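Here are my notes on the model, point by point. Please read them with the structure open.

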Amino acid sequence: MMTVTRPKLHVILQKEAIMPELINKDKVAVVFDILLATTTIATLLHHGAKEVIPVMDGEEALKVARSFEKSATIIAGESEGLTIEGFVDPLPTILKHVAKGKTIILSTTNGTVAIRHVENAKKVFAASLINGHAVARKIALEHVDDSIILICAGTMKQFSLEDFYGAGYFIDELLRQNESWELTDSAKAALYLYRGNKENAASILKTSLTGQMLMQVDLEEDILYSATRGIVEVVPEFEDGKMSVKGDKTIDY
């Protein structure tokens, strides 16, 4: 009797653990940086940004910006938690008001770097709590035969509680729509963490390392926003060096 091999669903705990040989055209990658890069990307595209270009650092951001008209571009970024001099603070609550029609060049310590580390995958998506349902729905419909790798960006080269929780939420949403995948132990652990703390999103985010740092600089509003599940129906997809949304990209909420 022939055994049917099921595609796998795996969680990588931090960007530093990415093994390039595992990220190839046979894998779909979903990147999580709940506080705040992937939340910011989803927010920008929801509010009408033309595209978001994730870069490795501030130097690359300035280099990329030379190819665009200044009036149509916003350069936003942080390094080690501090806003890069001359850049806009990359907070979703700030950028959403100025995003419409703009190209956003985004540099962050963890999330944009993680996206670039997996750019050779078959597809690369950015997911967060605010858009996890939408990304899960797309993958359940279009990538049922593909193995999926979820990448937690992490914080300062460490495991990140909020990203792991976000991956668990995504897995829960995905399995509700399609149970085709075989979960690795890391995927099961993320799922169990989420299912045991479904109503504790804000607390999880606030008490995480990044959450504590954001609380110390009075950014609770961004944390609470980032902890809100399923309010944005955009699916940011990385292609040709930029994050954009294919087809209809915004809804009212």
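1. Helix 5 (residues 132-142) has a buried side to check in this predicted model. G132, A134, V135, A136, I139 and A140 are buried there. These residues pack against strand 2 (27-32), strand 7 (123-127), strand 8 (147-152) and helix 6.

2. The largest nonpolar core has 43 residues. V11, V30, I139, L150, F170 and I171 touch the most other members. Strand 1 (8-12), strand 2, strand 7, helix 5, strand 8, helix 6, helix 7 and helix 8 (201-207) each give two or more residues to this core. Helix 6 supplies the largest share, eight residues.

3. What does I171 touch, leaving aside residues up to four places away in sequence? The list is L9, V11, L150, L183, A187, A190 and L191. A second core is separate and holds 34 residues, including A76, V124, V234 and M243.

4. Now the helix pair. Helix 6 (residues 161-177) packs on helix 7 (residues 185-195) at an angle of about 90°. Their axes are 7 Å apart. An angle of 65 to 115 degrees counts as roughly perpendicular, so helix 6 and helix 7 are roughly perpendicular to each other.

5. The contact itself: helix 6 brings L161, F164, Y165, A167, G168, Y169, I171, D172 and L175. Helix 7 answers with S186, A187, A189, A190, L191, L193, Y194 and R195. By class, this contact of helix 6 with helix 7 has 13 nonpolar, two polar and two charged residues.

6. Strand 3 (residues 51-55) is mostly covered, with five of its five residues buried. E51, I53 and V55 point one way, while V52 and P54 point the other way. In a regular strand, side chains alternate between the two faces of the sheet. Strand 3 runs parallel to strand 6 (residues 103-107), joined by five bridges. V55 has S107 as its bridge partner in strand 6.

7. First, the peptide bond joining L35 and L36 is cis, with omega about 15°. L36 lies in the loop between strand 2 and helix 1 (37-46).

8. Next, D218 has a positive phi of about 60°, although D218 is not a glycine. Its loop lies between helix 9 (209-216) and helix 10 (220-226). D218 is exposed, at a relative accessible area of 70%.

9. Last, D240 has a positive phi of about 55° and is not a glycine either. D240 sits in the loop between strand 10 (237-239) and strand 11 (242-244). Is D240 buried or exposed? Its relative accessibility is 74%, so D240 counts as exposed.

Methods. Residues are numbered from 1 along each chain as its sequence is written. This is a predicted model: local features need pLDDT of at least 70, side-chain atom pairs count only at pLDDT 80 or more; totals for chains, interfaces and linings use all residues. Side-chain values use heavy atoms; hydrogens and water are left out. Axes are lines fitted to C-alpha atoms, for helices over the stretch in contact, and angles run from 0 to 180 degrees between N-to-C directions. Helices (H or I, at least four residues) and strands (E, at least two) are DSSP runs, numbered from the N terminus. Angles under 35 degrees count as roughly parallel, over 145 as roughly antiparallel, 65 to 115 as roughly perpendicular and the rest as oblique. Contact means heavy atoms within 4.5 Å. Ala, Val, Leu, Ile, Met, Phe, Trp, Tyr, Cys and Pro count as nonpolar, Asp, Glu, Lys and Arg as charged, and the others, Gly among them, as polar. Buried means under 20% relative accessible area, exposed over 50%, partly exposed in between (1.4 Å probe, protein chains only). Two strands pair if DSSP finds at least two bridges between them. A nonpolar core is a set of buried Ala, Val, Leu, Ile, Met, Phe, Trp, Tyr and Cys residues joined through side-chain atoms within 4.5 Å.
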